[in-house]
Amino acid sequence: MPEELIEAAQISNKKKDEKDPRKKNDIIFKGAFEDYFVHLLRFTYPNADQIFDFNKEIIFLNHELAEINIDPGLSGGTTRTDLLAKVFLMDGTVQCFYLHIEIQAVSNVTFPERVFDYYIRLRDKYGPSVVSLAVFTGKKNQLRPNSYKSSILGTELSFKFKTYQIFDHTEDELLAMDNPFALVVIVAQQEALSKKLKDAERHTTRMKIIDKMAASGRFDQVRIKEFVLFLNRIIIVKNSKYNAIFDQQVSNLTGGKVTMGITETLKMLDREEGIEIGIQKAEARKNHDFVENLITKLSLSDEQAADIAEVTIEFVAKVREELKNK
């Protein structure tokens, strides 16, 4: 594949990232929300153990969301950060639980309608047992709409969904909770405030989280290692002295069984970044071939090809230009 086409795809993705610089962290948070989904339910519903049957497996259906793309803004390979899970209730029924992670610092005015549209699509497929929950990960003053209303010629609609904003609780309140998901929320708060915080403040919060993990008794060696990786991805501390103290505390917490320091973590992240770039290049190759076939075999316009292949019009134009130059 010509380098200019790869660059075109990368430039397109870069422009999207510039509009939403927290994009990669949002994907990381999606993984954390999925890993701690049971605790998220307990965090959201105080009587969760009387509602949900946690002895039965929670089944994630995120691929179903990929097939219900009603948001044009998600075209062109944008990664979705929503979650869809099938959970079992204590009364024996099955609930389709739709979790929308609203990642924008300022909530879009169309957001409530978007939640409603997904609710309708999911209800058509799974029946009435659909729950919508929006988690807002922006700053304290972030708008958090929780309803969608429509009225026309006597026909009225009112749709309301549950929401949570990460600053609904203070850091101290979250640390006092006996729920691992509360620690995920603290990390999200730190990410939202990252530009305002100094290394000393980040270090203090990071140490509080580690101490809480030690006191809770809910984290085995594997969980500790996973959470430390998550922590180091989001809460960036550059001061080597603070990092040495943190590494030693993790080692003490695990009896020396988890000794992954900041340097080793960063190397692992660099390797993952390399793998991600490789995947992106493979995806660009696949998109390129698909677009080329749409142009040569179906004689589609740039707009039609971009819509079908879910890529940008600029990407299609580059492919068309390459074909002309062959």
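Predicted model: local features only at pLDDT ≥ 70, side-chain atom pairs only at ≥ 80, totals over all residues.
Biologist: Is T163 buried or exposed, and which side chain does the side chain of T163 meet in a polar contact?

Modeller: T163 sits in strand β7 (residues 162-165), where strands (E, at least two residues) and helices (H or I, at least four) are DSSP runs numbered from the N terminus. T163 counts as buried because its relative accessibility is 16%, given that buried means under 20% relative accessible area, exposed over 50% and partly exposed in between, with a 1.4 Å probe and protein chains only. Leaving aside neighbours within four places in sequence, T163 is in contact (heavy atoms within 4.5 Å) with residues including L133, F136 and P145. Its polar contact (a pair of N or O atoms within 3.5 Å, where within protein one must be able to donate a hydrogen and the other to accept it, and residues adjacent in sequence count only if both atoms are side-chain atoms), at 2.7 Å, is with the side chain of R144.

Biologist: How many salt bridges are there?

Modeller: Side chains of opposite charge can pair when their charged atoms come close. A salt bridge is a side-chain nitrogen of Lys or Arg within 4 Å of a carboxyl oxygen of Asp or Glu, and by this rule the count is seven.

Biologist: Why does the salt bridge of E171 and K208 tie together parts that are apart in sequence, and how many residues apart are they?

Modeller: The side chains of E171 and K208 meet with N to O at 3.5 Å. E171 is buried at 18% relative accessibility, whereas K208 is partly exposed at 35%. Because E171 lies in helix α7 (residues 171-175) and K208 in helix α9 (residues 199-216), the pair ties together parts whose separation in sequence is 37 residues.

Biologist: What separates R223 and E226 along helix α10?

Modeller: R223 forms a salt bridge with E226, with the closest N and O atoms 3.5 Å apart. R223 is partly exposed at 27% relative accessibility, and E226 is partly exposed at 38%. Since they are three residues apart in helix α10 (residues 221-234), R223 and E226 are separated by about one helical turn.

Biologist: Which helices hold D302 and R320?

Modeller: The side chains of D302 and R320 meet in a salt bridge at 2.6 Å, N to O. This pair links distant parts of the chain, 18 residues apart, with D302 in helix α13 (residues 302-309) and R320 in helix α14 (residues 313-325).

Biologist: How are α9 and α11 oriented to each other?

Modeller: The axes of α9 and helix α11 (residues 240-253) come within 10 Å and cross at roughly 0 degrees, the axes being lines fitted to C-alpha atoms, for helices over the stretch in contact, with angles from 0 to 180 degrees between N-to-C directions. Angles under 35 degrees count as roughly parallel, over 145 as roughly antiparallel, 65 to 115 as roughly perpendicular and the rest as oblique, and α9 and α11 are therefore roughly parallel.

Technical notes: Residues numbered from 1 in each chain as written. Heavy atoms only, no water.
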